[in-house]
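Let's take a walk through this structure together. Have a look at the sequence and the model first, and then we'll go through the strands, the sheets and the rings.

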Amino acid sequence: MSFFIKGKSKQTGKPKLLGGKRKSTEPSKFAGKKQRFRGADEEIDSDSDGGEVNDHRHDDKGYSSSEEEQETAQEKKLRLAKQYLSQIEAEERDSRVDEEVNKDLISQRLKHDMLELTGKLQKQVAADLEVPSPESLILFRGHQLSVTCVVISADSQWLYSASKDCSIIKWSLAERRKVKMIHGGRKGTEKKHVGHTAHILAMALSSDGKYLATGDANKLIQIWDAGPMEFLHTFKGHRGSVTGLTFRKDTHDLYSCSQDRSVKIWNVDERAYVETLFGHQDKITAIDSLSRERAVTAGGRDATVRVWKILEESQLVFNAHSLVSVDCIALINETNFITGADDNSLSLWGAMKKKPLCTVKGAHGNRAPDMNGNSPATSPGDNWITSVAALHNTDLLASGSKDGSIRLWRCVNDCHKLEALCAVPVTGFVNSLQFSLDGRFLVAGVGQEHRLGRWWSNKEAKNSIVVIQLKYTVR
């Protein structure tokens, strides 16, 4: 396994990557396998997609049964294709009870899935969005300290939230009530307490709603049965606080990032560690993924965003517009993503260019108001962008800060420009944002303090989950 340090080539003056060995300390069920290494010196073209950083890792692909070893690659492709077609036909039949499922419907579905997978599916919904009214906000309260992360199930029935008080709460969105609460424990009770004993900083829910993953400042990742909220397993291996979690869409592959500057991959079904990825030069602050075996990460103070191509064993490095801390990231589709930084800027990115396609400076106001709502600001600096979210495969985006509002944005000109739509008043630090799968809700985790620190404290804010009901004009 290797990490890479950015330098400059004497001959060309271009960025160069220097490789160095590293040791893996994580226990693995694949520990006996031979490691694989590649050459280290490569150059990156800052404006092309060809500049990939080889990501040297354990070649841990797992063991396969004798039948799988005998199956050729062509036979496997044919089997998976037949399985996929059968699944599509069954789904279309279930959704169209009174309508016959024919080849045209299946063809349309295949085309839709292919556009989504390649990142070319872009539905235009932002123009039809109605400005949310104060009556459209639903408030859930139950945490004693700042809410740091929140997720919503694919069917929009359940909410899950976590906080600096180390607790996890499952909510019923339809009934607007608390379903189950996992209380936080005191420091030093890790061996006997079921739950977290340190600030929970990250949370992820699998697409099928089976598993809930939570990560904390004690370097632990806990896995829960999302239905009854029963504890299942603890993953150990990170050497710093776990700051981000994401499940790959329609799988139980879990990606995690940490302040130890690493990304780790876990197989939740097998309760197994898979591999570790290195490349960032500072604490990683956020991670996201969709269907592809890829993950995107925000590198904090190293001012880079990285796309990890897991199958290809490589990574793409994207440089921020200036020396800022890139604090949050969200995928729009498979090829575009949005980031927020501590200089109050939002940036749109595309996989084909290593610099932002568009950067909006002063996205949440030019100066931060003080915590009593007075302006000009008495606290230094601008409003940090603390969270971003995207309604996948559409042009609707959202961002949060501490300026007293959640802002909605429209992505135009093929993700080359951001247009402000409206602002929804919310007092406090918006530490987490997520759209529901159907686009009917935007959920926000709000607190008196920032998710990762205590630089400010807004005593007027309520530690809560805010659900914004979104309505669209029918045309």
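## Strands, sheets and rings

The model is predicted, so to speak of a local feature takes a pLDDT of at least 70 and side-chain atom pairs count only at pLDDT 80 or more, while totals for chains, interfaces and linings use all residues. Residues are numbered from 1 along each chain as its sequence is written, and side-chain values use heavy atoms, with hydrogens and water left out.

Back to our two strands. Arg306 stands opposite Val317 in E21. The hairpin of E20 and E21 has four residues between the strands, and Glu313 takes a positive phi there, near 55 degrees. E21 is mostly covered, with five of its six residues buried (under 20% relative accessible area; exposed is over 50% and partly exposed is in between, with a 1.4 Å probe and protein chains only).

Zoom out for a moment. The chain has three helices and 32 strands; these are DSSP runs numbered from the N terminus, with H or I over at least four residues for helices and E over at least two for strands. Of the 475 residues in the chain, 53% are buried. Among contacts (heavy atoms within 4.5 Å) between residues at least 6 apart in sequence, 52% join residues at least 24 apart.

Now for the rings. Rings of Phe, Tyr and Trp (its six-membered ring) pair if their centres lie within 6.5 Å; planes under 30 degrees apart count as stacked, over 60 as edge-to-face and the rest as tilted. By this rule there are 10 aromatic pairs. One of them is edge-to-face: Phe318 and Phe337, at 5.6 Å centre to centre with 90 degrees between the planes. Phe318 lies in strand E21 (residues 314–319) and Phe337 in strand E23 (residues 336–341), so this pair ties together parts that are 19 residues apart in sequence. Both Phe318 and Phe337 are buried.

Which way do the rings of Phe337 and Trp349 meet? Their centres are 6.1 Å apart and their planes are at 10 degrees, so this pair is stacked. Phe337 is in strand E23 and Trp349 in strand E24 (residues 345–350), so parts 12 residues apart in sequence are tied together. Trp349 is buried, as is Phe337. Elsewhere, ring pairs link Trp384, Phe429, Trp455 and Trp456 into a cluster.

A charge sits over a ring if NZ of Lys or CZ of Arg is within 6 Å of the ring centre and within 35 degrees of the ring normal. The charged end of Lys170 sits over the ring of Trp158, 4.4 Å from its centre.

Lys170 also leads us to a sheet, as its bridge partner in E9 is Lys180. Strand E8 (residues 168–172) and E9 pair in the antiparallel sense over five bridges. They belong to an open sheet of four strands in the order E6-E7-E8-E9, with antiparallel pairing. At the edges are strand E6 (147–152) and strand E9 (177–182), each pairing on one side only.

Another open sheet of four strands has the order E5-E32-E31-E30, also with antiparallel pairing. Strand E5 (137–140) and strand E30 (429–435) stand at its edges with a single partner strand each, so one side of each is left without a neighbour in the sheet. Four bridges join E5 to strand E32 (residues 464–469), and the two run antiparallel. Here Leu137 stands opposite Ile468 in E32.

Notes. Two strands pair if DSSP finds at least two bridges between them.
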